[in-house]
Amino acid sequence: EFRDLLSKCAATAMNSKLIYSQKDFFTKMVVDAVLSLDQESLNERLIGIKRVPGGAMQDSVLVNGVAFKKTFSYAGFEQQPKSFKNPKILCLNVELELKAEKDNAEVRVEQVSDYQAIVDAEWQIIFQKLEAIVASGAKVVLSKLPIGDLATQYFADRDIFCAGRVAKDDMDRVVQAVGCSVQSTCSDLHAEHLGECASFEETQVGSERFNIFEGCPQAKTCTLILRGGAEQFIAEVERSLHDAIMIVRRAIKNNLVVAGGGATEMELSKYLRIHSRTIEGKQQLIIGAYAKAFEIIPRQLCDNAGFDATDILNKLRMKHSQ
């Protein structure tokens with residue numbers, strides 16, 4: 001019964017939108033999305049919305065977990081496995097790339113062997129990081145910073161999936177869903193730092209590749225993948241769904257409802273008009289003017305809808321006085 005009420009709230013929000021013709025399809029999606037959140041906080045930021053041009057609106061899907069677009073990848077990525085069952089997931093804020101020192105760094109050497117020692121040390125540092133990650137048992141490695149071609153090929157040889165330059169909001173939702181924590185070093189990785197999910201897969205959605213985490217034990221997050229024709233149309237669908245999500249969220253948080261369409265304002269106007277007649281002096285005029293000001297909202301709604309505002313307001317005053 002409560003779910004039916006939420007569905008009605010979401011459907012009402014879509015009545016005046018472009019997606020009106022598909023409101024039954026999107027209503028179920030919106031209600032499922034909000035109910036999948038933590039019912040205490042109902043943080044709408046944990047509902048990710050991704051847009052993929054092409055296809056029909058009915059091709060839109062709700063992922064009970066996290067989905068984000070494939071990030072930029074280096075050579076060797078093709079050899080990595082793209083699907084896992086019950087993988088361990090490691091989230092990093094570490095750059096796994098072999099890089100020269102910054103421009104303003106200065107190293108003075110007196111012989112070739114000293115220079116070679118510096119080069120060897122750079123290689124040793126990155127290999128220590130990679131070995132520590134492999135030893136942790138992680139099968140999916142995500143990082144906010146770049147993962148270079150050396151690391152990509154190293155992981156591919158060991159059947160590990162990696163993705164660098166993951167956006168902050170996507171990383172936050174992954175952390176929330178799989179129950180891991182973002183590590184800023186590779187030197188002290190333990191089992192409690194890793195997360196897990198039932199399945200991980202990289203799959204094709206329209207013209208885009210998506211990394212999808214499903215069956216997350218801590219899952220209080222979900223992702224809507226929206227399809228449609230033009231980019232502008234999908235953006236309008238996203239705005240419409242955002243309105244519906246906020247209304248369903250508000251309906252769960254607050255069980256108090258006020259009538260819309262200017263009904264509340266007309267009732268307040270009636271009350272103030274009656275009250276003003278009990279007051280002497282010029283204050284009566286002030287309260288009367290305040291009562292009249294409330295009527296601007298139903299008047300504007302009538303104008304927007306193309307009705308005769310004066311006629312409608314007269315009928316409303318009569319109804320509210322009964």
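# Helices, rings and charges: a short briefing

The expected span here is 1.5 Å times one less than the number of residues, and helices (H or I, at least four residues) and strands (E, at least two) are DSSP runs numbered from the N terminus. Please keep in mind that this is a predicted model, where local features need pLDDT of at least 70, side-chain atom pairs count only at pLDDT 80 or more, and totals for chains, interfaces and linings use all residues. Residues are numbered from 1 along each chain as its sequence is written, and side-chain values use heavy atoms, with hydrogens and water left out.

**Around helix α3**

- The buried residues of α3 are I126, L130 and I133; buried means under 20% relative accessible area, exposed over 50%, and partly exposed in between (1.4 Å probe, protein chains only).
- Covering these buried residues are elements that include β5 (88-92), β6 (140-143) and α4 (149-157).
- Just after α3, G137 adopts a positive phi of about 90°.

- E265 sits in helix α7 (residues 263-276), where E265 is buried yet has no salt bridge.
- The nearest side chain of opposite charge to E265 is R273, 13 Å away; Lys and Arg count as positive and Asp and Glu as negative, while His and the chain ends are not counted.
- Leaving out residues up to four places away in sequence, E265 touches F294, I297 and P298, a contact being heavy atoms within 4.5 Å.
- S276 also has its place in helix α7, and S276 counts as buried because its relative accessibility is 5%.
- A polar atom of the S276 side chain lies 2.7 Å from the backbone oxygen of R273.
- With residues up to four places away in sequence again left out, S276 touches Q284, I287 and G288.

**Aromatic pairs**

- The structure holds eleven aromatic pairs; rings of Phe, Tyr and Trp (its six-membered ring) pair if their centres lie within 6.5 Å, with planes under 30 degrees apart counted as stacked, over 60 as edge-to-face and the rest as tilted.
- F25 and F26 form an edge-to-face pair, 5.2 Å centre to centre with 75° between the planes.
- F25 is partly exposed at 30% relative accessible area, whereas F26 is buried at 0%.
- F77 and F161 form an edge-to-face pair too, at 5.7 Å centre to centre and 65° between the planes.
- F77 lies in the loop between β3 (65-69) and β4 (83-85) and F161 in strand β7 (residues 161-163), so this pair ties together parts that are 84 residues apart in sequence.

**Salt bridges**

- There are 16 salt bridges in the structure, each a side-chain nitrogen of Lys or Arg within 4 Å of a carboxyl oxygen of Asp or Glu.
- D32 pairs with R3, the closest N and O atoms being 2.5 Å apart.
- This pair links distant parts of the chain, with D32 in helix α2 (residues 23-35) and R3 in helix α1 (residues 2-14), 29 residues apart.
- R3, K28 and D32 are linked in a network of salt bridges.
- D172 and K168 meet at 3.0 Å, N to O, and both lie in helix α5 (residues 168-178), four residues apart, about one turn of the helix.
- K168 is exposed at 55% relative accessible area, while D172 is partly exposed at 32%.

Notes. Polar contact = N/O pair within 3.5 Å; in protein donor to acceptor, adjacent residues only side chain to side chain.
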